[in-house]
Amino acid sequence: MDGEGCSTFERHKKSLDQENADSSSHAKRRKGDGAFNDMPDDEQEVKFLDQAAAEMLEIENSEEREPLTIDDLFDELLQKIFSYFQAQDVFGCLSKVCMRWERVAKDPCTLNQTQLILEDKNIELCTQVLKEASCIGEVYILPSYPPDALNHLIRGPRIKKLVIIGDSEWHPTWPSPSDLIALLDHNKLSLQQLSMPVDSGLVHCHKQQLPETGGPSFQSILAGMKRLTHLHMVGECWRDWDEWDLTKEHPHLRTLKIDSVSFISEECLFIRDLIMLCKSTLRTLHLPCQLPHDAVSLLDAGIFQGSQVEELMVSTGCLRVISQMPHLKVLAVFDNGKEDRDLEWFRKMPMLSGVWKLTLQSVLETEGEKEGFVWHLLSKFNHLTEFWGFESTVEENTFNMFLNNNPLLKEMHFFDFNGFDNPSQVSLLDNCLPKIAVIDLSSSHVTEEMRKTLDVFNEKRPNVKILYDDNYDDIEMIFVS
């Protein structure tokens, strides 16, 4: 190779060597020290990142942090906290703390979770709420409510739940049918739950327009409540209502509760028709009342045929309705003094295996009676997990049979209940109820011998919570849950 070629080659080689040297020097400066030179590139990068993260953490820990306060909470959390206060407190107190709290307190998302109680207290503050609030979650009208407040309520905030609480004597300032219908009409697109007494004045405007105002009828208002899912009616005037106008719409109720001595019969066609119309959506039905004679005519009419009811409260006089409720899960039975003495249908009826919660209220089994009404009733359950007994008396043998048939029981609650008061019955808990977790005797008389026997059982099964009348905190916790 000639001299010119050699010099060109040497110059090119020197240039490459210089570039490599500069690159190596830059890598050393970037990575901090020469310890990386003997490591693969991937490991060098990981170690470099770990060192950088450690330095950043050290810097953060060295800085003094200010403690968090309620001002650091998001608005959504403040709304949740404010929702536990009544609307009067939200407007009268919370909204006056600062500008931010005022904005959150008067936000519709907050007010839609609060409740307002109309009574003869804090009248000015209640009036302010009704004038300024755009919506309120729940409104309770007590008999002592200020009459002027109703005018603001009719033209004021939208309501999701309305409860009108009556007393034994009709209050002189009670809402007139026209005022009540105007209030319902104002909230027909927002109301989801309605609980109210029924008086003769409301019955008269059931299907006809109000004579004094020419306003809509109660039935047309009820049919127009597209979001209404819970209806609770109280009073003895149901028997005066005629049938539902089938040409009109009907609400798609999920819960219907009737507090009345009268029932769905020829005397009260309105309720009969309403149940039939809402059969596909109805899930909870409370009928603490009685039939004129028995439930045969209703079953023949097919009122409950194809029913989707999952929760039923019914009297002993019309227990036959459960034979047409295949989806039943929760059952409450109370004695109205008219037991269905025809036990033949009990024997033919299949087991109520889908029911997981049973409540007995004021159910009394005749002393010495063998395989009678109460025995046949309790023999139809075999998959219960909860039992509640209120002011009831059940023979010991009958209740022992009931415990043997329900090994899945987890909770038993007794309130003035006679039937589980013999110390010898405690052995059944150990032998037949392996999943029992709560035995609530807080409102029942417990003998000293029974208590000692339960304490011995509790030492053997410490996971079982046994509540006596001195466990008030635990009792409250169970009811809240």
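## The nonpolar core

The largest nonpolar core takes in 106 residues, and those with the most contacts inside it are Leu118, Ile141, Leu285, Leu312, Leu331 and Ile439. Keep in mind as you explore that this is a predicted model. In soluble globular proteins, nonpolar side chains tend to be buried together.

Setting aside residues up to four places away in sequence, isoleucine 439 touches Met412, Phe414, Phe420, Leu429, Phe457, Val464, Lys465, Ile466 and Leu467.

Valine 163 sits in strand E3, which covers residues 158-164. With a relative accessible area of 12%, valine 163 is under the 20% limit and therefore counts as buried. Beyond its neighbours within four places in sequence, valine 163 is in contact with Val139, Tyr140, Ile141 and Ser195. Isoleucine 117 is 46 residues from valine 163 along the chain, and their C-alpha atoms are separated by 9.6 Å.

Histidine 413 belongs to strand E12, residues 411-415. Is this histidine 413 buried or exposed? Its relative accessibility is 0%, so histidine 413 counts as buried. The side chain of histidine 413 also makes a polar contact, at 3.3 Å, with the side chain of aspartate 440.

## A nonpolar patch on the surface

Some nonpolar residues are found on the outside. Ile70, Ile81, Tyr84 and Phe85 form a surface patch with about 400 Å² of accessible area together. Tyrosine 84 lies in the loop between helix H3 (75-82) and helix H4 (87-92). This tyrosine 84 has a relative accessible area of 65%, so it is exposed.

## Salt bridges

How many salt bridges does a search of the whole structure find? There are seven. Lysine 106 takes part in a salt bridge with glutamate 102 (3.5 Å, N to O), and also in one with glutamate 132, where the closest N and O atoms are 3.4 Å apart. Lysine 106 is partly exposed at 30% relative accessibility, and glutamate 132 is partly exposed at 45%.

Lysine 460 and aspartate 430 form another salt bridge, with their closest N and O atoms 2.6 Å apart. Lysine 460 counts as exposed at 60% relative accessibility, whereas aspartate 430 is partly exposed at 26%. Elsewhere, Asp75, Arg100 and Arg103 are linked in a network of salt bridges.

Definitions and conventions: Residues are numbered from 1 along each chain as its sequence is written. This is a predicted model: local features need pLDDT of at least 70, side-chain atom pairs count only at pLDDT 80 or more; totals for chains, interfaces and linings use all residues. Side-chain values use heavy atoms; hydrogens and water are left out. A nonpolar core is a set of buried Ala, Val, Leu, Ile, Met, Phe, Trp, Tyr and Cys residues joined through side-chain atoms within 4.5 Å. Buried means under 20% relative accessible area, exposed over 50%, partly exposed in between (1.4 Å probe, protein chains only). Contact means heavy atoms within 4.5 Å. Helices (H or I, at least four residues) and strands (E, at least two) are DSSP runs, numbered from the N terminus. A polar contact is a pair of N or O atoms within 3.5 Å; within protein, one must be able to donate a hydrogen and the other to accept it, and residues adjacent in sequence count only if both atoms are side-chain atoms. Patches are made of residues with over 30% relative accessible area and no salt bridge: like charges are joined within 9 Å, nonpolar side chains (Val, Leu, Ile, Met, Phe, Trp, Tyr) within 5 Å. Accessible areas come from the Shrake-Rupley method with a 1.4 Å probe; for residues, only the protein chains shown count as cover. A salt bridge is a side-chain nitrogen of Lys or Arg within 4 Å of a carboxyl oxygen of Asp or Glu.
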